[in-house]
Amino acid sequence: MSAPRVFGQSLPRLRLVPRQPSRSIAQHARCYSKLSATPRLAVPLPYSRLAAAQPASSSPPSHPRHFSTTPAVSHGHIDPPRPGEELYVTFIDKEGLETKVAVSKGDNLLDIAQANDLEMEGACGGSCACSTCHVIVTDQDLYDKMPEPDDDENDMLDLAFGLTETSRLGCQVHMTPELNGLKVKLPAMTRNLQESDFK
Ligand code: FES
């Protein structure tokens, strides 16, 4: 078994380790000048400081910026019907006021109502995800000529306020020659779904 080493015995060995020569002030200065000569990273300035740093100039920029615009798309846009191809639909508002409109084949009741500033909300933009475009068809015969509502429409109709046997969602009803002369009533209230309705 080897004899235990006394702490002091290792000290001479430690002293043998050659010391690193410390940098002189001149070496530090050389290193610093090299660093300051290297290109610096571009740090974006806040706009307020950037504007202040720009020289004031009254001449227009050499490359003027161009702006382009896109026509706004709004719901409720419909083209007027071609002469001789008009179909007629009448809306009856909550006060019983009738508005008869000439429309084209294929237009849906939501677009027609909105294009004529009638009170039909269309909260989901016609994607069959609300019931705010609920209308009541006044004529049973014309109601029967409409294509059957699909499952999505039926689901939304179940949530409509004041549902009747001839209720439809306006955004899902497209005008056809068979529906010429259609009359629809806007319900007294619509129900816009809240998050809480699904809890
Ligand atoms: S606009 Fe939402 S279902 Fe018709």
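Reply: Welcome! Let's start with a term: two strands pair if DSSP finds at least two bridges between them. Helices (H or I, at least four residues) and strands (E, at least two) are DSSP runs, numbered from the N terminus. This is a predicted model, where local features need pLDDT of at least 70 and side-chain atom pairs count only at pLDDT 80 or more, while totals for chains, interfaces and linings use all residues. Residues are numbered from 1 along each chain as its sequence is written.

Me: Which helices and strands does the protein have, and how do they run from the N terminus on?

Reply: There are six helices and five strands. From the N terminus, they run α-α-α-β-β-α-β-α-α-β-β.

Me: In what order do the strands form the sheet?

Reply: Strands of a sheet pair through backbone hydrogen bonds, either parallel or antiparallel. Here the five strands make an open sheet with mixed pairing, in the order 2-1-5-3-4. Strand 2 and strand 4 (167–169) stand at the edges with a single partner strand each, so one side of each has no neighbour in the sheet. On average, neighbouring strands are turned by 35 degrees against each other, direction ignored (axes are lines fitted to C-alpha atoms, for helices over the stretch in contact, and angles run from 0 to 180 degrees between N-to-C directions).

Me: How many bridges join strand 1 to strand 2?

Reply: Six bridges join these two strands, which run antiparallel. In this pair, L87 stands opposite V103 in strand 2. Five residues lie between the strands of this hairpin, and G96 takes a positive phi near 90 degrees. Strand 1 also pairs with strand 5, in the parallel sense and over four bridges. There, I92 stands opposite K185 in strand 5.

Me: Which residues of the largest nonpolar core touch the most other members?

Reply: In soluble globular proteins, nonpolar side chains tend to be buried together. A nonpolar core is a set of buried Ala, Val, Leu, Ile, Met, Phe, Trp, Tyr and Cys residues joined through C-beta atoms within 7 Å. Buried means that 20 or more other C-beta atoms lie within 10 Å of a residue's own (exposed: 12 or fewer; partly exposed: in between), with C-beta atoms placed from the backbone. In the largest core, which has 24 residues, V89 and L109 touch the most other members. Strand 1 (87–92), strand 2 (98–103), helix 4 (109–115), strand 3 (134–137) and strand 5 (182–185) each give two or more residues. The largest share, four residues, comes from helix 4.

Me: What does V89 touch?

Reply: Contact means C-beta atoms, placed from the backbone, within 7 Å. Not counting residues up to four places away in sequence, V89 touches V101, V103, L109, I112, M175 and L182.

Notes:
Contact = placed C-beta atoms within 7 Å.
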